[in-house]
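Biologist: Hi! Could you walk me through the model on screen?

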Amino acid sequence: MESGPMSVDSAPLEPPALPEGNANEPTHGGHSRFEVELEFVQSLANPEYLNYLASRKFLTNPAFIAYLDYLQYWTRPPYLKYLTYPTSTLKTLELLQQEKFRQDIISPDLAHMMIMEGMKTAVEWHREG
Amino acid sequence: MAKNGELDACFERLEKSLDKMIDSIAKGNPSEAIAEELVACQNDLQGSMKLIETWQNNEARLQQLRQEVSLFDTQIKDIMSSLWNIRKEVKATQTTPTATTKKHQFTTAELLAFARRISRNTLPAPGVTNGVDMTAPKPPPPNADADDSFRLQSQPTQNQTPNTSFGASFGPGITSGSTPGPVSAATPNTVNDTQPSTQLPPSQPTKTVTEEKLPEHIEHGINPRHGAVFYPWPTQEHIRSGALASLQRLIDAGIDPKGYDPGEVERKKQEEEQARKDAEERARQEREAAEQRMREERERMARERELARQREGGSDRRDSVAVGSAKPKQFTFLGADDDDDDDDD
């Protein structure tokens, strides 16, 4: 997203309400916080997007780093089951907790390597033999 | 012991015949019959001896079998005893109480639903290979773990300047869903979903594939998935068309997305529009009703006038008829407007 690199809001303390709940929380542009954060955490699985965020200096912003830490609630039930790209999302979320990865992903070569490996693994993991 | 008796009898007969034979020899008159009897007795004795030998062999065999039976009995008893002890031990073992809580926090149905939901994002469609040669043997898993390999590969890129080609594709300038622009030569083009990767492992044995490959235009026609690529993450198109992109559009339009609900705004707008239309419709209906009332009033007045005229015309005719027959008894003013064809409504 194209907001200013340093305009990341401070992370909310509590994870959002589940979609099953009838919480009347204010929407963000018509979307619930759950919906927006689910979409965002899964977008992080896209290496190009990570590279983009790094190039916009998001990944060195302490507020954004705190937000990444906050997003780890997606690794736990009951939020875990809502991930539709669970493998890549969880792995990326884990990597993003490492400062070294946050620094290195600014390299397009690394992003490209992750794309190639991810695509290759996606077709090879279920191969027999 | 019957055998012993039989053997004794044979010995006895042999001794007697031997005595007879000795007597006959001693008397100098050996008898051939006695000699034959002696031979017969000897043969009997030998037969009996053979029987005894067989009997003794059988006896020995019986003894051996009894010993074996005894041995096996002992073994069976030992086994039975061991089994009994084991049974006792098993029964005496304290079993772990069965956990009353569920092992998993989800049901099978939920698990299957989850699998169904994620399957389209974790497994490519049939025929989509991402450029990997599926006929080649599966490469062995790497020895180093993922983190290590990542570190090794990422080391030389420490000092590279950030490449904005990826970033630009997420920028606001092309959020309309256009295909990302060309990237620099140093940057691999990985953003185009419709292009199969040509940079996957160079070790693919492509000879046989190219031999059987159809021309490009035919390939497109017969294989709808020709050139399709599978990404195990949300693509740029997904991200651009999602909630985050819509929030960015709101921000770009100067609207604070917090608490803003486009659906609600649209609904309110529609309600206002509907209310305006309803008001217009009501005004129109009222106007039409008023006009209708005025028309009806005019018609009613015209009818009344007509009736009045008809009444006046009728009395005039009756008067005329009366004039012909008799003199009118009373003067009646006929008025000036006595034309029946007059229609001034």
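Biologist: Which residues do ring pairs link into a cluster?
Modeller: Among them are F34(A), F40(A), Y49(A), F64(A), Y67(A) and W74(A). Rings of Phe, Tyr and Trp (its six-membered ring) pair if their centres lie within 6.5 Å; planes under 30 degrees apart count as stacked, over 60 as edge-to-face and the rest as tilted. This is a predicted model: local features need pLDDT of at least 70, side-chain atom pairs count only at pLDDT 80 or more, and totals for chains, interfaces and linings use all residues. Residues are numbered from 1 along each chain as its sequence is written, chains are lettered from A and ligands numbered from 1 in the order written, and side-chain values use heavy atoms, without hydrogens and water.

Biologist: How many aromatic pairs are there over all chains?
Modeller: The structure holds 15. In one, the ring centres of F34(A) and W74(A) are 5.4 Å apart with planes at 50°, so that pair is tilted.

Biologist: Where do F34(A) and W74(A) lie?
Modeller: F34(A) is in helix α1 of chain A and W74(A) in the loop between α3 and α4, so the pair ties together parts 40 residues apart in sequence. Helices are DSSP runs (H or I, at least four residues), numbered from the N terminus.

Biologist: Are F34(A) and W74(A) buried or exposed?
Modeller: Both are buried, meaning under 20% relative accessible area (1.4 Å probe, protein chains only).

Biologist: New topic: what is F40(A) in contact with, leaving aside neighbours within four places in sequence?
Modeller: Its partners are Y49(A), L53(A), F64(A), Y67(A), L71(A) and, from chain B, L244(B). Contact means heavy atoms within 4.5 Å.

Note on methods: Helix = DSSP H or I, 4+ residues; strand = E, 2+ residues; numbered from the N terminus. Buried < 20%, exposed > 50% of the residue type's maximum accessible area, 1.4 Å probe, protein only.
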